[in-house]
Amino acid sequence: MTSVTSPCPPAGLLAATAPSARTAAGLVGNTPLLWVGEPFADPGRGFWAKLEGANPGGIKDRTALHMVQAARGRGELLPGAPIVESTSGTLGLGLALAGSTFGHPVDVVTDPGMEPMMTSLLQAYGATVHVVSRPHPVGGWQRARRDKVAELLAVRPDAWCPDQYNNPDNVAAYRTLAHELVAQLGRIDALVVSVGTGGHSAGVGSVLRDFFPGLRVVGVDTTGSTIFGQPAGTRLMRGLGSSIHPRNVAYDLFDEVHWVAAPEAVWAARTLARCHYATGGWSVGAVALTARWLAATLPAEARIAAVFPDGPQRYAGTVFCDTYCREHGLLHHAPPVAPHEIAHPGELTVTSWSRCTTVVDPLADIEAELTAATAATTATATATAAADLRAVRP
């Protein structure tokens, strides 16, 4: 005799299931949190990692969809018009998703540092990839890419550029991520975020600060980046840092900034992979290293949220490739227990993990000087005109 088990009625299936959607865009958001404790962190310490790599393309799926939808709503992006933008990779994936969702061809401009895998993926998703051949002598690869974007826009008057570095929609797109964190954690004492265009750090940090006025916001940059007042230098890491000054960076939001060097980010990313089977690339390694230190220094009960912008897949040929890492001197560089402390970003040029609690906008002094110079010039011109008028009066 063979026993037959009756199937459970659908209503009785209470197991959690993955979300369902009719388009890939519908799968963006509601990403999971992972507790990262020992052995990566000290015993009894740790932080919560927001795994944005669970989105179809990564964290910038959120902003690409939001910027495109907002531009369409304002009539700036017409139906079927091309989208043209500079990217180091992740935003390109998001724009390819947005282009597929809303029916726009996508042209992305990048540089030779983009991984071959990423170029192939973008092309597979229907994007046209333009690669600039040499860096700008002052603004580096980012300036060269943006100059190429300007060239493409000049010959395609119907095209639209999101301008992720200065577009406020880039910041607004991350309100949902902040709300997810609040719903998932209830209370957040510290936020650790990488900084590149300034979008997700400003978007998430500003919303969380409204919920938690005492929130400690820690920005993570790379050595060689100009964002927080360091001089421009050679940057191996992609996805964080900049050789220009994005105006979406909310300088007044940060309590401190950490600069992390490439070997230190590689160590953290690889250690995370071994310890927790969850990791990512340059940004994730740098953020994880900083969050690990923060967990060791704050009270044990402090609740720390760290945003991991993507997963490890695109870094198989760089961060997780022994040959690549040996060629660039990235292996066997365990970071120190704590970062080097500097009092001001202009104090010295950092080359390894460093921390500063004085956060300034590098352009603020320049803008103040220009304003003062303009006011002085105007005052001088006014005084001269008044003197001339008095001279010609009878």
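## A walk around the Phe40 ring

Let's start at one spot: Arg292 sits over the face of Phe40, 5.5 Å from the ring centre. A charge counts as over a ring if NZ of Lys or CZ of Arg is within 6 Å of the ring centre and within 35 degrees of the ring normal. Before going on, keep in mind that this is a predicted model, where local features need pLDDT of at least 70, side-chain atom pairs count only at pLDDT 80 or more, and totals for chains, interfaces and linings use all residues. Residues are numbered from 1 along each chain as its sequence is written, and side-chain values use heavy atoms, with hydrogens and water left out.

Now for the overall picture. The chain has 11 helices and 11 strands; these are DSSP runs numbered from the N terminus, with helices being H or I over at least four residues and strands being E over at least two. Of the 394 residues in the chain, 50% are buried. Buried means under 20% relative accessible area, exposed means over 50%, and partly exposed is in between, using a 1.4 Å probe and protein chains only. If you take the contacts between residues at least 6 apart in sequence, 70% of them join residues at least 24 apart. A contact here means heavy atoms within 4.5 Å.

Back to the rings. Phe40 belongs to a cluster, linked by ring pairs, that also holds Phe47, Trp267 and Phe308. Rings of Phe, Tyr and Trp (its six-membered ring) pair if their centres lie within 6.5 Å; planes under 30 degrees apart count as stacked, over 60 as edge-to-face and the rest as tilted. How many aromatic pairs does this rule give? The count comes to 7. One of them joins Phe211 and Phe212, a tilted pair with 6.1 Å from centre to centre and 40 degrees between the planes. Phe211 is partly exposed because its relative accessibility is 45%, while Phe212, at 15%, is buried. Then there's Phe228 with Tyr251: the ring centres are 5.7 Å apart and the planes are at 80 degrees, so this pair is edge-to-face. Phe228 and Tyr251 both lie in the loop between strand 7 (216-222) and strand 8 (256-260), so the pair ties together parts that are 23 residues apart in sequence. Both Phe228 and Tyr251 are buried.

Helix 8 (residues 262-276) and helix 9 (residues 282-297) pack at about 85 degrees, with their axes 7 Å apart. The axes are lines fitted to C-alpha atoms, for helices over the stretch in contact, and the angles run from 0 to 180 degrees between N-to-C directions. So helix 8 is roughly perpendicular to helix 9, because angles of 65 to 115 degrees get that name, with under 35 being roughly parallel, over 145 roughly antiparallel and the rest oblique. Sorted by class, the contact has 12 nonpolar, 1 polar and 2 charged residues. Nonpolar covers Ala, Val, Leu, Ile, Met, Phe, Trp, Tyr, Cys and Pro; charged covers Asp, Glu, Lys and Arg; the others, Gly among them, are polar.

Leaving out residues up to four places away in sequence, Val36 touches Ala41, Arg45, Gly46, Phe47, Ala49, Leu272 and His276. In the loop between strand 1 and strand 2 you'll find Pro39, and the peptide bond from Glu38 to Pro39 is cis, with omega near 10 degrees. Asp42 is in the loop between strand 1 (33-36) and strand 2 (47-51). The C-alpha atoms of Asp42 and Ala296 are separated by 6.6 Å, although they are 254 residues apart along the chain.

Most residues other than glycine have a negative phi, and most peptide bonds are trans. Asn30, in the segment before strand 1, has a positive phi of about 55 degrees. His332 has a positive phi too, near 60 degrees. Is His332 buried or exposed? At 80% relative accessible area, His332 is exposed.
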